[in-house]
Amino acid sequence: GFLSPGAGTDSNTGLELGLPYYFNLAPNRDATLEPRLLSKRGVQFNGKYRYLGRYGGGTLKGDWLDDDDYESSDRYSYSLKHHTRAGDNL
């Protein structure tokens, strides 16, 4: 379902408005997608996927801004953070 909207201002992006949506995919997996309006740059899409297993878990994040109005280019970033827990006998 929808989460609390976010709003703010910044000298580089102008007015920022975001509306995140949460997906409960399984008891140990979830995702959040958020379109954000950046008045000086355009529309940005953010996504985050989290997972948790018996011996570890992690987070995959991504951001995409198509045709940045300020820089006149596409912008994106992504990251993967994973942690592993060794078994109890090690």
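Asp68 is buried in this predicted model, because its relative accessibility is 1%, under the 20% limit. Asp68 forms a salt bridge with Arg41, and the closest N and O atoms are 2.5 Å apart. This pair links distant parts of the chain. Asp68 lies in strand S6 (residues 56-68), whereas Arg41 sits in the loop between S4 and strand S5 (42-53). The two residues are 27 residues apart. Arg41 is also buried, as its relative accessible area is 8%.

The salt bridge between Asp68 and Arg41 belongs to a network. Arg41, Asp68, Glu71 and Arg75 are linked in it. Within this group, Glu71 forms a salt bridge with Arg75, with the closest N and O atoms 3.8 Å apart. Glu71 is partly exposed, at 44% relative accessibility. Arg75 is partly exposed as well, with a relative accessible area of 38%.

A search of the whole structure finds 5 salt bridges. Among them is the pair of Arg36 and Glu16, whose closest N and O atoms are 2.4 Å apart. This pair, too, links distant parts of the chain. Arg36 belongs to strand S4 (residues 29-38) and Glu16 to strand S2 (residues 14-18), 20 residues apart. Both Arg36 and Glu16 are buried.

Acidic residues also form a negative surface patch. Its members are Asp66, Asp67, Asp69 and Asp74. Asp74 lies in strand S7 (residues 73-84). Asp74 counts as partly exposed because its relative accessibility is 48%, between the limits of 20% and 50%.

Methods. Residues numbered from 1 in each chain as written. Predicted model: local features only at pLDDT ≥ 70, side-chain atom pairs only at ≥ 80, totals over all residues. Heavy atoms only, no water. Patch = residues over 30% accessible without salt bridge, like charges linked within 9 Å, V, L, I, M, F, W, Y side chains within 5 Å. Areas by Shrake-Rupley, 256 points an atom, 1.4 Å probe, with all protein chains shown as cover. Salt bridge = Lys/Arg side-chain N within 4 Å of Asp/Glu carboxyl O. Lys, Arg positive; Asp, Glu negative; His and termini not counted. Charge placed at Lys NZ, Arg CZ, Asp CG, Glu CD. Helix = DSSP H or I, 4+ residues; strand = E, 2+ residues; numbered from the N terminus. Buried < 20%, exposed > 50% of the residue type's maximum accessible area, 1.4 Å probe, protein only.
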